[in-house]
Structure formats: structure tokens, C-alpha cells
Amino acid sequence: MSGSEHLRLALLSEVFHGEGAAERLATWLDRARTLSVQLVVLPELALDPWIPATRELRDEDAELADGPRRRMVRAAAREFGVAVLGSAIVRDPSTGQRYNQAFLVDGTGAERGRYSKLHIPQEPGFWETDHYAPGPETFSLMGLHGVPLGIQICSDINRPQGTHILAARGARLVLHPRATESDSFDHWRLVMRATARTATVWIASVNRPRPEQGVSLGGPSVVVDPTGEVVAEGYQTLMHWDIDTSRNEEASRTYPGYLGVRSDVYANAWNETLPREMVPPLHEDRDDDE
């Protein structure tokens, strides 16, 4: 990619479920439009309560790929002419398998791409493997207003290979919806800064805004530039920033950005390495009173 492309995005730290959800989403998209925002990024599973807070599996928590949650986002995006990244638990009609799937719709309401979470936690407050399986998709490259981008959902950022693959394929921006606890943010910031710098991509991350069902969710939205610098961080509900891809090109010309991507060597090494299944957390099998 050559030249410079620009995209004004907003990180909307709010959730939209229950009575009046569509109206509240519309209010925020209208506000984003007045700021000339082109893309609004919602937190992880923002169209539902934090379902993995419990291990209870309910049919109504999942929908087909064109279910009511996605239709609500598409209608709002079309009404206000603003692209939106949303997510929902989606059921595969052929297998019945459920996935935590993010979807990008543009300002006409048309879908530009989707990605299902690949790295799934399983611990108190985050009983995610009870509700959905790792996604079957590869790391899809999408585009909006001339900016190539990809998606990593929450824990995916802690396995930076995905972001590096997206960057090697041409992504200049990685969108990172998350649902994380407030006291762990220093860790997330560290990982995002290192990953952005080594992949020379922008990372834009938005969190669920407040505790839910006994889970201490919360923490700031953040934008990290391709040199690893935090250029925006805050707790405001709507935070916007201009993505400029010339920063990617600058970062790629300096160390470590100019280092080669040895995909042939990496691929051979991964083929020689057995996949590691998730290791259960030490506390998972303990009694509740321990």
C-alpha cells in the first residue's frame, strides 16, 4: 500500500440490549455522525448482557447470521450513514455450533466482513467455552474508506500471531472489541503497545463500560499508533480518533518495522509444532469455599 488514507473512528464504550436498545444505539450513532465519524466500534458482545458471567447455556443467547441483533446494527448504520463493528453469539445452522462473531457493516448497512473469536477463556466471570467454540475462519482482511483492517476479539490480542498475520496481509488497523476487568488494564495496554509496534499497525480497543453480574468489567478505551505509542486513552463513552496510514508507512521504514516477514520459516516451524490445547486455570477445579 502506498500513499496515505484516513479514517475517523469512534470507540463507543456502551452496551445495547433490552428495552430501548435500538433507540439508544441510534442516539449515539447520530452523535458520532455530528463528529464526522466514519466507523463506530462497539465492545465485545455489546448487544447482550455479559452472557459468560454464568455457565448457563440459553438458546435465546444465540442467533443465526442474519438475526435480530445484526439487523438492528445494520438498520442503524444505514439510517445514519456510519459504519459499525458489532458482535453477537451466532449459531451455525448446519452444525448448531455457536461462535462469538464480530461483523463489520458499512454506512449503507452492507456487511463488509466477519470474524469469530479464536482464543476462548474459561474461568470465573468468563465461562466462555460453555457458550461458544473457537471460530473456524482465518484472519480475514477487510477494508473501509480505503483503509485495510482486521479484527481481533479480546483475548485474541494475547496471541499476537493473528495481528502480525493481518499486518503482513496488508492491514493498517486492527479493531479490538473487548470485555476485560478494570484492574487488568495495564497488562492489556502492554500487549497492545508491543503488538502495534512490532506489527506496525494501529490498534483501536474499546471495552464494556461497567461491572455486570458480579464481574468487574470496565477500563478505558485506547488507540495505539504503529510505533506503539498510546495516542488516546480514556473512559468517555464516545472517544474518536483519526487513523492516518502514513504513520504505518513511517513505522515500517524504521526498526523494527523494516525487518523481513519470514512467513516461510514461520509456517514450517508451526507445522512442526503440535497445537497446544487450553490449559485449565489452576482455580477452576477448586471448591467454591476454598
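Author: Let's start with pairing: two strands pair if DSSP finds at least two bridges between them. This is a predicted model, where local features need pLDDT of at least 70 and side-chain atom pairs count only at pLDDT 80 or more, while totals for chains, interfaces and linings use all residues. Residues are numbered from 1 along each chain as its sequence is written, and side-chain values use heavy atoms, leaving out hydrogens and water.

Reader: How do you know that β10 and β11 pair?

Author: They are joined by 3 bridges and run parallel; pairing takes at least two, so they qualify. Ile-151, for instance, sits opposite Leu-175 in β11.

Reader: Why are β9 and β14 called edge strands?

Author: The open sheet has 6 strands in the order β9-β10-β11-β12-β13-β14, with mixed pairing. β9 (142-144) and β14 (230-234) each have a single partner strand, so one side of each lacks a neighbour in the sheet.

Reader: What makes β11 largely enclosed?

Author: Buried means under 20% relative accessible area (exposed is over 50%, partly exposed in between, with a 1.4 Å probe and protein chains only). In β11, 6 of the 6 residues are buried, so the rest of the structure largely encloses this strand. Leu-173, Leu-175 and Pro-177 cover one side, Val-174, His-176 and Arg-178 the other.

Reader: Why is the unit of β11, α4 and β12 called right-handed?

Author: The term applies if, with the strands pointing away from you, the path from the first strand over the helix to the second runs clockwise. β11, α4 and β12 make such a right-handed β-α-β unit, and so do β10, helix α3 (residues 161-168) and β11.

Reader: What makes a group of residues a nonpolar core?

Author: It's a set of buried Ala, Val, Leu, Ile, Met, Phe, Trp, Tyr and Cys residues joined through side-chain atoms within 4.5 Å. The largest one has 42 residues, and those with the most contacts inside it include Leu-9, Leu-11 and Met-192. Helix α4 gives the most to this core, with 6 residues. A second, separate core has 26 residues, among them Ala-26, Met-72, Phe-80 and Val-105.

Methods: Helices (H or I, at least four residues) and strands (E, at least two) are DSSP runs, numbered from the N terminus.
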